[in-house]
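Please open the structure in your viewer and keep the selection tool at hand.

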Amino acid sequence: MTILDGKKVSNDIKEEIADHVKSMVSKGEKVPHLAAILLGSDGASMTYVNAKVKACERIGFNSTLIELPEYTSEEELLEKINDLNTNDAIDGFIVQLPLPDQIDEQKVLMAIDPDKDVDGFHPVNVGRMALDLPTFLPATPYGIMELLERYQIETSGKNVVVLGRSHIVGRPMSILMSQKRKAGDATVTVVHSRSKNLEDITREADIIVAAIGISEFLTGDMVKEDVVIIDVGITRVPDATKKNGYRLAGDVHFESVSQKASYITPVPGGVGPMTIAMLLKNTLLARERHNK
């Protein structure tokens, strides 16, 4: 069994981007600039955003963090988004999700300029992805594809099961895996928590992408020998043996599934670091488009 080390691969990607940025600087070109909007003080969101800002510093990007109070109105947020849309110094930006209840998430995503939507969530970019046209791919599915490619895992003609149907991971993952690309060209089935005969479907899978949002949902009796496992989930599970009172777990029961898997991503250290790396790659793409 081989651990798919997302932390190592993401560091490799960051080094590649950093080298590219040095080349841009030597040519007198503007370096990429990523901005992030953060509402409120949710611990997980702050951690994610700070990790993105630190990653920018490490590879030579410019970055801007815009922190707004949790009570910010939808109108105020949309005004801030418009400011970033029209600011030529900003190549790409994200609005950290989830958003407070008073704000319509879909309205916010629609307001972002598709040419600066480095999260790849705007309908224009989702449509271009579905048609296999050049675009910003959603960072988490993009990271998974990159991980499969760099570990040279054969996907062509394979039976892939995607657990979960979210717009952020499940649906784009199913589209990308079915397309004729290096890490793709597979036969894809999308299932969810209400799918009938779920275990029968997962036992036939050569590759499983678990993004169902239920801690340790996929267990060893639900998979076949030599399956490739990509675990997207991350949840705090109470654990009295830990100093902080919890441990981090994915959507996969690692102990039982790893006994059968040929490859598996750990939690943490698997898909998470790849998401940040691909966000940076999208921002570099945005800068290169602007340079052209």
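Helices (H or I, at least four residues) and strands (E, at least two) are DSSP runs, numbered from the N terminus. The model is predicted: local features need pLDDT of at least 70, side-chain atom pairs count only at pLDDT 80 or more, and totals for chains, interfaces and linings use all residues. Residues are numbered from 1 along each chain as its sequence is written, and side-chain values use heavy atoms, with hydrogens and water left out.

**Stop 1: the two domains**

Begin by colouring residues 28–113 as domain 1 and residues 139–272 as domain 2. These bounds come from an automatic or database domain assignment. The centres of domain 1 and domain 2, taken over C-alpha atoms, are separated by 28 Å.

Next, compare the annotated spans. UniProt, in an unreviewed entry, gives residues 4–119 as "domain: Tetrahydrofolate dehydrogenase/cyclohydrolase catalytic". That span, 4–119, is 49% helix and 16% strand, and its end C-alpha atoms lie 23 Å apart. The unreviewed entry also places "domain: Tetrahydrofolate dehydrogenase/cyclohydrolase NAD(P)-binding" at residues 138–290. Residues 138–290 are 33% helix and 18% strand, with end C-alpha atoms 20 Å apart. UniProt positions are given in the numbering used here, feature names are shortened, and annotations may be inferred rather than shown by experiment.

**Stop 2: the second largest pocket**

Select Gln106, Phe121, Val126, His167 and Ile168, which lie nearest the centre of the second largest pocket among its 16 lining residues. On a 1 Å grid over the protein atoms alone, a pocket is an open set of points with protein on both sides within 12 Å along at least five of seven lines; a cavity is a set of points where a 1.4 Å probe fits but cannot get out; lining residues have an atom within 4 Å of a point. Rolling a probe the size of a water molecule over the atoms shows where empty space is left.

The second largest pocket holds about 290 Å³ of space. Grid points are joined across faces, edges and corners, and a volume is the space filled by probe spheres set on the points. Which elements each supply at least two residues of the lining of this pocket? They are α4 (105–111), α5 and α7. Helix α4 gives the most, with 4 residues. At least three lining residues come from each of domain 1 and domain 2.

The lining of this pocket divides into 11 nonpolar, 3 polar and 2 charged residues. Here Ala, Val, Leu, Ile, Met, Phe, Trp, Tyr, Cys and Pro count as nonpolar, Asp, Glu, Lys and Arg as charged, and the others, Gly among them, as polar.

**Stop 3**

Move to Ala111, in helix α4. Ala111 counts as partly exposed because its relative accessibility is 27%, where buried means under 20% relative accessible area, exposed over 50%, and partly exposed in between (1.4 Å probe, protein chains only). Not counting residues up to four places away in sequence, Ala111 touches Leu78, Ile81 and Asn85; contact means heavy atoms within 4.5 Å.

Now select helix α7 (residues 170–178), where Gly170, Pro172, Met173, Ser174, Leu176 and Met177 are buried. Their cover includes α5 (123–130), α6 (139–150), β5 (159–163), β6 (187–191) and β7 (207–210).

**Stop 4: the listed binding site**

Highlight Gly164, Arg165, Ser166 and Ile234, which UniProt lists for "binding site" in an unreviewed entry. Gly164 lies in the loop between β5 and α7. Is Gly164 buried or exposed? Gly164 counts as buried because its relative accessible area is 4%. Beyond residues up to four places away in sequence, Gly164 touches Gly170, Val190, Val191, His192, Ala211 and Ile212.

Ile234 is found in the loop between β8 (228–231) and β9 (235–238). Ile234 is partly exposed, at 43% relative accessible area. With residues up to four places away in sequence not counted, its contacts are Tyr48, Leu248, Ala249, Gly250, Val267 and Pro268.

**Stop 5: the cavity**

Finally, select Leu34, Ala35, Ala36, Lys52, Val53, Cys56, Ser63 and Thr64, which line the largest cavity. The elements giving two or more residues to this lining are β2 (33–39), α2 (43–59) and β3 (62–68). About 40 Å³ of space lies in this cavity, and the structure holds 1 cavity of 30 Å³ or more.
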